[in-house]
Amino acid sequence: MPRILIVKTSSMGDVIHNLPVISDIHAHVPNAVIDWVVEESFQDIPAMHPGVTRIIPVAVRRWRKHMQRNDTWQEIGDVRRLLKKDRYDYIIDTQGLLKSAVISHLAEGERHGYNRCSARERLASFLYKHTHGVDRRLHAVIRNRALAAEALGYPPPITAPDYGIATGMQPSPAFAGGQSYVVGLHATSRDSKLWPEPNWIALGQALASQHMMLVLPWGNATEEMRAKRIAAQVPGSLVLPRLSLSALAPILLGARAAIGVDTGLAHLTVALNIPTIAIYTDTDPTKTGLYPGAKARAENLGGRGAETPVSVVLMTLQSMLPTE
């Protein structure tokens with residue numbers, strides 16, 4: 001029963017892109033026990049996969065801001081002791097950053113990671129015992145799966161990814177009273193990646209004319225205000241309360257589709273096999289865009305400097321949805 005530690009701490013999209021690794025490992029090593037080190041704010045994501053045995057949360061983002069505090073060092077010490085509690089047969093760092101390599105170095109076992117030409121930060125490669133070359137031009141999902149295959153000695157997967165989190169999860173039964181709804185993922189980490197509010201309003205109005213409700217989640221005060229401004233001009237739309245990822249997932253699972261910008265939640269809807277459209281305005285989706293599994297449909301629109309009109313989004317949505 002080999003023990004395996006996966007180190008993939010952030011960000012949300014990166015963590016979701018690593019979920020197929022868990023499914024791959026169990027397909028080739030059925031009796032594996034898999035633990036996962038992840039940022040505390042994203043620990044709900046690996047918790048959704050039944051193939052993860054234990055989640056070890058870290059708080060690198062928070063620790064960096066409070067390195068002078070005693071409780072920060074107490075937490076770091078607790079994580080170190082937890083990582084050394086069991087010896088791992090394989091420690092696989094799919095992040096390829098210096099911070100993740102340092103975390104992997106705290107654990108006991110054989111450390112695997114990208115070589116210096118493949119890692120996102122070359123210094124990280126010096127902290128692994130075993131290094132593997134994976135083309136940096138590949139999509140993140142492919143890179144993660146290839147690294148795990150190299151580390152564990154099975155053939156690199158060529159099948160569509162299995163994110164593994166939709167199995168056994170049920171849609172929120174009372175949500176929307178049975179009405180069809182589309183989730184509008186309007187929030188993202190940078191203003192340059194936003195889609196203009198007038199576009200969201202026009203999209204929501206078009207959906208309403210087709211008897212589909214626009215549902216708007218949010219995660220902070222700025223996003224809440226934007227959601228409310230959009231909803232004020234879209235008949236029948238709904239602004240959700242602030243929800244954890246585990247509470248939001250059943251609502252996403254019940255959606256007819258999701259439309260979003262370059263945001264981790266769009267990757268989550270893809271992982272839940274929901275038809276999803278992502279609108280890119282300031283980034284290139286080639287390496288980190290939506291990457292659907294065998295049961296999902298996903299479309300990446302736009303790119304760096306692109307302006308995607310509402311009409312294109314609506315036509316794409318129509319082509320993705322089954323006729324009723």
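Select Arg54: leaving aside residues up to four places away in sequence, this residue touches Arg3, Ile34, Asp35, Trp36, Leu82, Lys85, Asp86 and Tyr88. Contact here means heavy atoms within 4.5 Å.

This is a predicted model, where local features need pLDDT of at least 70 and side-chain atom pairs pLDDT 80 or more, while totals for chains, interfaces and linings use all residues. Numbering starts from 1 along each chain as its sequence is written, and side-chain values use heavy atoms, without hydrogens and water.

Stay on Arg54. Strand 3 (residues 54-58) holds this residue; strands are DSSP runs of E, at least two residues, and helices runs of H or I, at least four, numbered from the N terminus.

Now show Asp35. Its side chain makes a polar contact with the side chain of Arg54, at 3.1 Å. Such a contact is a pair of N or O atoms within 3.5 Å; within protein, one must be able to donate a hydrogen and the other to accept it, and residues adjacent in sequence count only if both atoms are side-chain atoms.

Next, select helix 2 (residues 19-28) and helix 7. Their axes, lines fitted to C-alpha atoms over the stretch in contact, come within 9 Å. They cross at roughly 35 degrees, on a scale from 0 to 180 degrees between N-to-C directions. Helix 2 brings Pro20, Val21, Asp24 and Ile25 to the contact; helix 7 brings Val141, Asn144, Arg145, Ala148 and Leu152.

Finish with Ile6, Ile25, Leu268 and Leu272. Of the 59 residues in the largest nonpolar core, these touch the most other members. A nonpolar core joins buried (under 20% relative accessible area, 1.4 Å probe, protein chains only) Ala, Val, Leu, Ile, Met, Phe, Trp, Tyr and Cys residues through side-chain atoms within 4.5 Å. Helix 7 (residues 140-152) gives this core its largest share, seven residues.

Note on methods. Buried < 20%, exposed > 50% of the residue type's maximum accessible area, 1.4 Å probe, protein only.
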